[in-house]
Amino acid sequence: MAQQFSPSLVDYFLEVSIADPLGTPVRAIVHRVPAYDRIGFGLPDGVRYFCIPDKLDLRYRATYERQPSFHSFTLTGGDGSRAFGFALKTYRPIADTWVPHVLCFVSHFPLVGLFKDILGSTTAWLDVVTDLVADVPGPQAGTTAEFHVHDELLFAQTVHKGGLAFVDDVCFQLLFEHLSVKNIVYILNCMLLEQRILIHSSNHGRLTPVCEALCALLFPFVWEHVYIPLLPMKLIEYLQAPVPFLMGVHTSYLTTKFGADVFASCVVIHLDKDKVVRPIHSGLGHPIGGPEHRIPKFPSAPVAALLTKVKAILDSHQPLSSTATSPYSRLPGNEHSEVELTFGPGPLGITFESTHLRLLGTGLAADGPHPSAVIKALPTLQNGLPGPAALSGLLRPGSFLLSVNGRSTLQLSFDATCELLRSESRPLRLRFQTAPKPFPNACRFAARVRASAVLSPSPPRAEGTPSPLVWVDSVRTAFAEFFLDLFRGYDRYIRMAAGPPVHQTRRLSAQHRPAVSFDRDAFLSNKAQTAFYRVFLDTQAFVAFTTESALSGHGGFKAPLVELFKAVSTLNRGDASQVHACLQRHMAPLRTNAFHLPFPRPTPRAEGRRPMATAIHVDNDTADVVAVETVALLVETPAKRASATRQLEMMICGATRDPEACAVAARKSPRRRRSLSESSIAELEDELGNQADGDRGDAEAASRFTKSPWVQWKPKIFK
């Protein structure tokens, strides 16, 4: 029978800190709402490691090290569904030690901007957090949700109706700020060919939004493999998984043995430096490109058209901050550049000043303390000779400081930046933004500061919800048109075996679905460049896409994204306005839902999720989504949530596969939640291994697994 799947806006609120920091420190959940696991989505055990992903380093911290930081991550629950975590890390003093203390929301909705604003004003909502978690429903498309705390409007979130899946504009802003369009296209190329992709940055907060934007640009295809955009240091060994994956780590993790070992077999994305390094081998036991592992690329003509189109869109919507010198840079002004200098012992030969006066005339300066520092002069040394900075010939007065030893200064005040410069050990790596003309350089720096502020915890906006970034819709449409050109007319080559007549079955179950095939030879005969197609047609993404295309609309089976792509492909090829109207968000007048917290009277709270008028019904007998209404949530079928890929993600996140049983047991006798220790991970592997079927005696396949955690996955990965 059908069950109701209706997540509220917030599934859990957590406070995570360090237990026994002066003795044997361990990560611990010190407070949570609700106190017990929700029926249908149990809180994964590993959430503590995602809230505090770095290695524990309990010590005295300078002012610049205690700045609050925001990051997000994904979790795979025991039901196989993906949720998002939004965490604000602060520090609290205990004796002479500063201990991390994290406030975290867990939600099924990727509302990065909303939760960043909520966490940025902690004093305003902490006393109503129970009402926020238990009684506020999830957002609906075409509405604006207003959150009034004690009769004061603090937060607002708008979700516009549109054809494409909802992804926060912040994600695209960060993606195009840090990567050139040319590199973005190459990364999508690698994702569709099922490569092992590792993305790293010196800022945890950039990883998940960038990965979300990359996955969104794949429309109409879906990343079908392991997806952990923020991998904690404790779980770094999972980078050795012999499967395609998209994972993100902090740059410092790459200095570990596990981090260094994966370089040769992964597409490595240096997010902070806009660099992508291709792998030497696939690491999957079956390289797709021969001994040298060459990755076939998209056909050149459509790629050139896409680069030109997207660059034109971004050039017309300044400011996005970027300093790439690629010919396909996402912003004009390639005369601006970044330089990085390393200074040994002795004076730098630099006099710094506040950025206040230089940013004042740009009109882009934000309120509050002015960030970082700017070079005022390059004085000579006491012996009358020029200093190291002047001798380099790369710096001039007006060059803005961007980072110190890899630590960004864009959100540090001038005093905190000076403290950072004094406290860091030598050699000292300083990164600057410089340009011949002072005013354009100042404008560009101000734009960069504003763009980086999307990850900075901030107080609520007085004006409520921000306006959508219009260039985001145009860019997403350009990428959709690119894939439309590559696969136009693909449905003519889909072959479906005879199955039961539609009138004999209300819904197509997995057992009754007819076999679907694709006539690749006929399809390739009409393509001039076939190297990419020959590999991609065998991938899981394309097989799933063609299967859903064939079955959508038959026997109650629905695939909204595939149906949207098919509808767009039938439009007039020369009329781009029709495509834009079909895919872009509709900025029509919106309905407003106001939530006044705390609620005026106690609301009865159920053990499970709050009932909602708009819900998603899942038929467990046929493993199909029966109806999807206007909830702004992309819900996947139970078959996908039960896949081997999701089980691996569950193992990484420490999810409980039977949350209902655990919830009942927890109500009878409170228990300590299982940690991700080595013994607990082994228990999870044993549980998953008991369900694995197939022959485990294949010596050739077993040789691919050099570590025991992957032995249980062999029959599912390689069958």
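This is a predicted model: local features need pLDDT of at least 70, side-chain atom pairs count only at pLDDT 80 or more; totals for chains, interfaces and linings use all residues.
1. Strand S7 (residues 143-149) and strand S8 pair in the antiparallel sense, over seven bridges. Two strands count as paired if DSSP finds at least two bridges between them. Strands (E, at least two residues) and helices (H or I, at least four) are DSSP runs, numbered from the N terminus.

2. Residues are numbered from 1 along each chain as its sequence is written, and side-chain values use heavy atoms, without hydrogens and water.

3. Now the whole sheet. Three strands form an open sheet, in the order S8-S7-S22, with mixed pairing. The edge strands are S8 (152-159) and S22 (591-597), and each pairs on one side only. From one strand to the next, the twist averages 20°.

4. Helix H2 (residues 112-119) lies across S7 and S8 and runs at about 165° to S8. Axes are lines fitted to C-alpha atoms, for helices over the stretch in contact, and angles run from 0 to 180 degrees between N-to-C directions.

5. Helices H17 (residues 540-551) and H18 (residues 560-569) pack at about 80°, with axes 9 Å apart. H17 and H18 are therefore roughly perpendicular (65 to 115 degrees). Phe 545, Glu 548 and Ser 549 of H17 meet Val 562, Phe 565 and Lys 566 of H18. Contact means heavy atoms within 4.5 Å.

Technical notes
Angles under 35 degrees count as roughly parallel, over 145 as roughly antiparallel, 65 to 115 as roughly perpendicular and the rest as oblique.
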